[in-house]
Amino acid sequence: QVQLVESGGGLVQPGGSLRLSCAASSSIFSRYVAGWYRQTPGKQRELVAVVDTDGDPYYPDFVKGRFTISRDNAKNAVFLEMNSLKPEDTAVYYCNAYLVGGDYRRGYWGQGTQVTVSS
């Protein structure tokens with residue numbers, strides 16, 4: 001069992017920045033693919049960024065150039081740097097982790113952290 005705890009959400013103005021952090025309880029976090037997802041009421045949870053065990057990231061088009069995912073395996077943590085935030089980025093952001101070869105849907109999830117982009 002792996003526990004994931006997110007932090008760093010909050011209220012920010014359009015164009016601003018936030019850095020989300022996710023701390024994992026597992027000492028073998030380096031073996032997990034880690035990602036960030038977000039969800040708004042009435043919509044499905046969507047991928048924001050994911051980083052594999054080699055540190056290679058993947059981003060969907062709507063965040064490319066604005067968001068950066070990184071991981072620190074020594075600290076069992078994954079981060080999401082969000083820049084040029086837009087009101088449509090408002091959502092609850094969730095950290096996810098699953099073992100290589102697995103499926104994110106069957107992985108571990110954090111409790112979520114609210115990000116609100118508004119003037």
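Me: Let's start with strand β8 (residues 77-82): how many of its six residues are buried?

Reply: First the general idea: a residue counts as buried under 20% relative accessible area, as exposed over 50%, and as partly exposed in between, using a 1.4 Å probe and protein chains only. In this structure, five of the six residues of β8 are buried, so the strand is mostly covered. A word on the model: it is predicted, so local features need pLDDT of at least 70 and side-chain atom pairs count only at pLDDT 80 or more, while totals for chains, interfaces and linings use all residues. Residues are numbered from 1 along each chain as its sequence is written, and side-chain values use heavy atoms, with hydrogens and water left out.

Me: Okay, and how many helices and strands does the protein have?

Reply: Helices (H or I, at least four residues) and strands (E, at least two) are DSSP runs, numbered from the N terminus. Here you get zero helices and eleven strands. Read from the N terminus on, the elements go β-β-β-β-β-β-β-β-β-β-β. The radius of gyration is 13 Å, close to the 14 Å that the globule rule gives for 119 residues, so the protein is as compact as a globular protein of that length. That radius is taken over C-alpha atoms, and the rule is 2.2 Å times the number of residues to the power 0.38.

Me: What does the C-alpha trace span along its principal axes, and what share of the residues is buried?

Reply: The trace spans about 40 × 25 × 25 Å, and buried residues make up 43% of the 119.

Me: Back to β8. Which strands does β8 pair with?

Reply: Two strands pair if DSSP finds at least two bridges between them. β3 and β8 pair in the antiparallel sense over six bridges, with Leu20 standing opposite Leu80 in β8. Strand β7 (residues 67-72) also pairs with β8 in the antiparallel sense, over six bridges. There, Thr68 stands opposite Glu81, and Ile69 stands opposite Leu80.

Me: Which side chains of β7 point to one face, and which to the other?

Reply: In a regular strand the side chains alternate between the two faces of the sheet. Along β7, Phe67, Ile69 and Arg71 point to one face and are buried.

Me: What lies between β7 and β8?

Reply: The two strands form a hairpin with four residues between them. Asn76 lies in that loop. Look at its backbone: Asn76 has a positive phi of about 55 degrees although it is not a glycine. At 17% relative accessibility, Asn76 counts as buried.

Me: And what about Ser84: where does Ser84 lie?

Reply: Ser84 lies in the loop between β8 and β9. Ser84 has a positive phi of about 50 degrees although it is not a glycine. With 41% relative accessibility, Ser84 counts as partly exposed.

Me: Now the cysteines. Which two form a disulfide?

Reply: A disulfide is a pair of cysteine sulfur atoms within 2.5 Å. The structure holds one: Cys22 and Cys95, with their sulfur atoms 2.1 Å apart. This pair links distant parts of the chain, Cys22 in strand β3 (residues 18-24) and Cys95 in strand β9 (residues 91-99), 73 residues apart. The link is left-handed, with -85 degrees about the S-S bond.

Me: Are those cysteines buried or exposed?

Reply: Cys22 is buried, with a relative accessible area of 1%. Cys95 counts as buried too, at 0%.

Me: Last one: which residues is Gln39 in contact with, leaving aside its neighbours within four places in sequence?

Reply: Contact means heavy atoms within 4.5 Å. Gln39, found in strand β4 (residues 32-39), is in contact with Gln44, Arg45, Ala91, Val92 and Tyr94. Gln39 itself is partly exposed, with a relative accessible area of 26%.
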